[in-house]
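The following exercises are to be worked with the sequence and the coordinates at hand. Each task is followed by a solution in steps.

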Amino acid sequence: MTDQASARAAALVEQPMRIAGPRPGFATGTVSSIRDIVAHRELMGHLVRRELKARYKDSALGFLWTLIRPLTMLLIYYIALGKFLGAERNIPSFAIFVYCGLTAWTLFSEIVSTGTSSIVANSGLVKKVYLPREVFPLSVVGSTSVNFVIQLAILTVATVVAGQIPLGTRWLYLPLAVLVLYVWATALALLLSGLNVYLRDVQYLVEVFLLIFFWASPVVYSWGLVTGALTEAGLSGTWVETAYLSNPITLIVLGFQQTFWVAGDGQPVPPDLAASLAVALLVGTVVLWLSQRVFARLQSNFAQEL
């Protein structure tokens, strides 16, 4: 590097940090942000396809891994928890029960964890060209949805094979639970991906909190076991039960179980589950809007921070 170039680089280092991009107001700019994202929908489609190709690049089995991974997870939980620890003694059709929770949890955790690191992972593009940065966490939502559809198909086939085909109004729980899942997961992915640019510890904190929330939700144990433990401890109907049911993941998993877990008919269910899901959807929509506005404020200096 020449002396002139070195002097120029040193002078740039001494310059204070300045806002490098548009920084709209917090309460305004929502419509323009949505228009900007829609205008770049073709780019988002390319990012989704790139993510899917990169995920199984150079692997011999390719997309077969989308089947092998969830089936392996189901087998492990079924044998380890169902057979060895005896969970299937208290939970009828334990395999279908546990797969309901795993299908919902896998989509939620993948959107949040992969979405959190999506801006940093695409730093090369962020630094070179202007584009709405929301497309990166949103492209993660698109790519993970492909696996989700496959897992949902496996779950449906499993109910047919087991002779426990879900019919009737129980299907109304599914769209409600899926909407709550997407709204909350997208909101968290947007907010955390923006914060992760400035504080890289966020992505490691997310791993810890996802582990906590996995066991704080009825994914591998039933709501009946929770109510039994709360009643035994004298905590039924208290703020502990309210806090447990305030977790949107708990409501989402219960919504999936109400749809697909036919053998669980007659098992304890939280009162007004559909109404609770509707409230979670309403609150999640507000959180999604707030997350997008915070993201819009943070994205101005992404290129400099990266």
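**Exercise 1.** Determine whether Ile 37 is buried or exposed, and identify its surroundings.

*Solution.* Step 1: the relative accessible area of Ile 37 is 13%. Step 2: buried means under 20% relative accessible area, exposed over 50%, and partly exposed in between (1.4 Å probe, protein chains only). Ile 37 therefore counts as buried. Step 3: Ile 37 is found in helix α2; helices (H or I, at least four residues) and strands (E, at least two) are DSSP runs, numbered from the N terminus. Step 4: with residues up to four places away in sequence not counted, Ile 37 touches Met 44, Pro 132, Glu 134 and Leu 138, where contact means heavy atoms within 4.5 Å. Step 5: Val 135 is 98 residues from Ile 37 along the chain, yet their C-alpha atoms are separated by 6.7 Å.

The model is predicted: local features need pLDDT of at least 70 and side-chain atom pairs count only at pLDDT 80 or more, whereas totals for chains, interfaces and linings use all residues. Residues are numbered from 1 along each chain as its sequence is written, and side-chain values use heavy atoms, with hydrogens and water left out.

**Exercise 2.** Characterise the protein as a whole by its secondary structure, extent and burial.

*Solution.* Step 1: the protein has 15 helices and zero strands. Step 2: along the principal axes, its C-alpha atoms fill a box of roughly 75 × 50 × 35 Å. Step 3: 43% of the 306 residues count as buried. Step 4: among contacts between residues at least 6 apart in sequence, 83% join residues at least 24 apart.

**Exercise 3.** Compare the end-to-end reach of helix α14 with the expected value, and locate its packing partners.

*Solution.* Step 1: α14 covers residues 273–298, which is 26 residues. Step 2: the expected span of a helix is 1.5 Å times one less than its number of residues. Step 3: from first C-alpha to last, α14 reaches 36 Å, close to the 38 Å expected. Step 4: the buried residues of α14 include Leu 273, Gly 284, Arg 293 and Phe 295. Step 5: the buried residues of this helix pack against α2, α6, α9, α13 and α15. Step 6: an unreviewed UniProt entry places a "transmembrane region" at several spans, including residues 273–291; such annotations may be inferred rather than shown by experiment. In the model, residues 273–291 are 100% helix, and their end C-alpha atoms lie 26 Å apart.

**Exercise 4.** Examine the backbone angle phi of Ser 93 and Asp 272.

*Solution.* Step 1: phi of Ser 93 is near 50°, a positive value in a residue other than glycine. Step 2: Ser 93 is in the loop between α4 and α5 and is partly exposed, with a relative accessible area of 25%. Step 3: phi of Asp 272 is near 55°, also positive. Step 4: Asp 272 lies in the loop between α13 and α14 and is exposed, with a relative accessible area of 62%.
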